[in-house]
Amino acid sequence: MRPANARIVVASNRGPVSFERDRAGLRAQRGAGGLVTALTGAMHRTGGLWVAAAMTEGDREVARRDGGRIDLEGEGAVTHLRFLEFPPEVFDRYYNGVANGILWFVHHYLWDTVRSPAFDDSTEAAWQDYVRVNRAFAEALADEGERSPTEPLYLVQDYHLSLVPRFLRDLRPGALIAHFSHTPMAGPTYLRILPIRMREAILRGLLGADVLGFHSPAWAENFLMSCRGVSGARVDLQRSRVTIEGREVLVKVHPISIDADAIRRTGASPEVQELRRQLARWRGDAKLLLRVDRLELTKNIVRGFRAFEIFLEQRPEWRGRVRFLALLSPSRQDLPEYRAYAEECVAEAERVNRAWGDADWTPIEVRLRDDYAGAVAAYGLYDALLVNPVFDGMNLVAMEGPVANRRHGVLVLSRNAGAFGRLGRYALGLNPFDVRETAERIAEALTLPEHERRRRARGLSRLVLANPPERWVGGQLEDLERARRRRRA
């Protein structure tokens, strides 16, 4: 376990809170998601520091005063938040140009390789700013290590900061560093799409850590296989480790989970209860097929709508007896690919509605907005939950839905989601590219006998509750402590 006096230092692109200015002044809003829940829970109990990029104007205002630091009160200790500010054009090239425009695409296998990508001088300029931001994070972490009376445990998060472990290792050779990838990891063949210098830098950057974490064995294996192409690296697939420059790097699997108690508290709130009543009236006597997603290229929304159309075509008895509610949150609208995809999703739903709907029944209801309370209300009512990403590091919707649902709803889950490795035995699995299979799984989910629905629903809930968020961060800290002991041996 983590030593009692060890300080946790977290680095991520987005911090645990963001700040917006209103008439009353700066207002803090807590970030959502398993990463924030797990890490803030651990740090509120032990204290520590979180280093993040200033994302909003309010964040930048904080970054310009008091050294960019702000204290966040917790249950037993204070978490210190430190914002790093970057010129807008630098941050844009790092964030949109490389992190989201290249690394997100490669790790999720999103490119139409007949037409894209095409790397040029603008790619190189963006890459230099990605390096610049990663180096700045590493320097800030090293600075915090100098200030700390004991050697911190560094927890570096995600693809935005792939180079940080190597840069931090150069600055503090004895540092104890973990890096966790919340996305899938591209395999060696697809990773070779990247310019060789970029690919080599990313793999060597990650290998600067003592421990590398992934949500799924498939993503860990892809990383290990990719490292076979790194000069000087010796890969041990059986023991899941890489030896490089005289150091041993452990590659571990730690599936993240959700704060089930928080979701259930939200579900019991008066606001959500009223939203649930409104949804129940809207649904009427029909069955409810639900999806809850960011408007994200990886989420496979268009194929989901096409599969639902096939279901209606092949099973005419269901027309008018099922409603498909799609709660979609706009995402990354600065990128043209995302704007185009959002328009395509809406257009596809409208096409299906024109083809199959009538005056009394609209097959697909699309709601475009960030609405967490509305999502939790809908979780309580679905008969089937469709989660069909093309690839996903984990997918928390697949966990949120089952713990909030009240109707023994059935989870229809992509086999390419990291969550499938944990939840697949109680879900209906599908190939996300096969719309006919998806249509069959929708039909199966809506017609399963009640005893089978109950068995699966209980199994899903039990698996999620057995893996609380603190286990995810605790496992990483234990890995770092093992690395410390190996060094001393």
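Analyst: Buried means under 20% relative accessible area, exposed over 50%, and partly exposed in between (1.4 Å probe, protein chains only). By that scale phenylalanine 308 is buried, because its relative accessibility is 0%. Phenylalanine 311 is buried as well, with a relative accessible area of 0%.

This is a predicted model: local features need pLDDT of at least 70, side-chain atom pairs count only at pLDDT 80 or more, and totals for chains, interfaces and linings use all residues. Numbering starts from 1 along each chain as its sequence is written, and side-chain values use heavy atoms, leaving out hydrogens and water.

Start with the rings. A pair of aromatic rings is described by the distance of the centres and the angle of the planes. Rings of Phe, Tyr and Trp (its six-membered ring) pair if their centres lie within 6.5 Å; planes under 30 degrees apart are stacked, over 60 edge-to-face, the rest tilted. The whole structure holds 20 such aromatic pairs.

One of them joins tryptophan 111 to phenylalanine 119. The centres are 6.2 Å apart and the planes make 80°, so the pair is edge-to-face. Tryptophan 111 is buried at 11% relative accessible area. Phenylalanine 119 is partly exposed, with 30% relative accessibility.

Phenylalanine 308 and phenylalanine 311 make another pair. Their centres are 5.9 Å apart, with 25° between the planes, so this one is stacked. Both residues lie in helix α11 (residues 301-314), three residues apart, or about one turn of the helix. Helices (H or I, at least four residues) and strands (E, at least two) are DSSP runs, numbered from the N terminus.

Which aromatic cluster includes Trp111 and Phe119? It is formed by Phe105, Tyr109, Trp111, Phe119, Tyr190, Trp219, Phe391 and Phe433.

Tyrosine 109 is partly exposed, at 26% relative accessibility. The loop between α3 (88-107) and α4 (121-147) also holds proline 117. A cis peptide bond joins serine 116 to proline 117, with omega about 5°. Most residues other than glycine have a negative phi, and most peptide bonds are trans.

Histidine 408 also has a positive phi of about 55°, and it is not a glycine. Its place is the loop between α14 and β17 (410-414). At 27% relative accessibility, histidine 408 is partly exposed.

Next, α14 itself. Eight of the eight residues of α14 are buried. They are Val397, Ala398, Met399, Glu400, Gly401, Pro402, Val403 and Ala404. Helix α14 (residues 397-404) crosses helix α9 (residues 260-267) at roughly 55°, and the axes come within 10 Å. Axes are lines fitted to C-alpha atoms, for helices over the stretch in contact; angles run from 0 to 180 degrees between N-to-C directions. The angle makes α9 oblique to α14: under 35 degrees would be roughly parallel, over 145 roughly antiparallel, 65 to 115 roughly perpendicular, and the rest is oblique. The crossing of α9 and α14 is right-handed, the near helix being turned clockwise from the far one by less than a right angle (anticlockwise is left-handed).

From α9, Ala260, Ile263 and Arg264 make the contact (heavy atoms within 4.5 Å). From α14 come Glu400, Val403 and Ala404. By class, the contact of α9 with α14 has four nonpolar, no polar and two charged residues. Ala, Val, Leu, Ile, Met, Phe, Trp, Tyr, Cys and Pro count as nonpolar, Asp, Glu, Lys and Arg as charged, and the others, Gly among them, as polar.

The crossing of α10 and α13 is right-handed. Contact residues of α10 are Glu271, Val272, Leu275, Arg276 and Leu279. Those of α13 are Ala373, Gly374, Val376, Ala377 and Ala378. The contact of α10 with α13 divides into seven nonpolar, one polar and two charged residues.

Last, a buried position in a strand. Alanine 53 is found in strand β4 (residues 48-53). Alanine 53 is buried, at 0% relative accessible area. Leaving aside neighbours within four places in sequence, the contacts of alanine 53 include Phe83, Phe86, Phe91 and Phe137.
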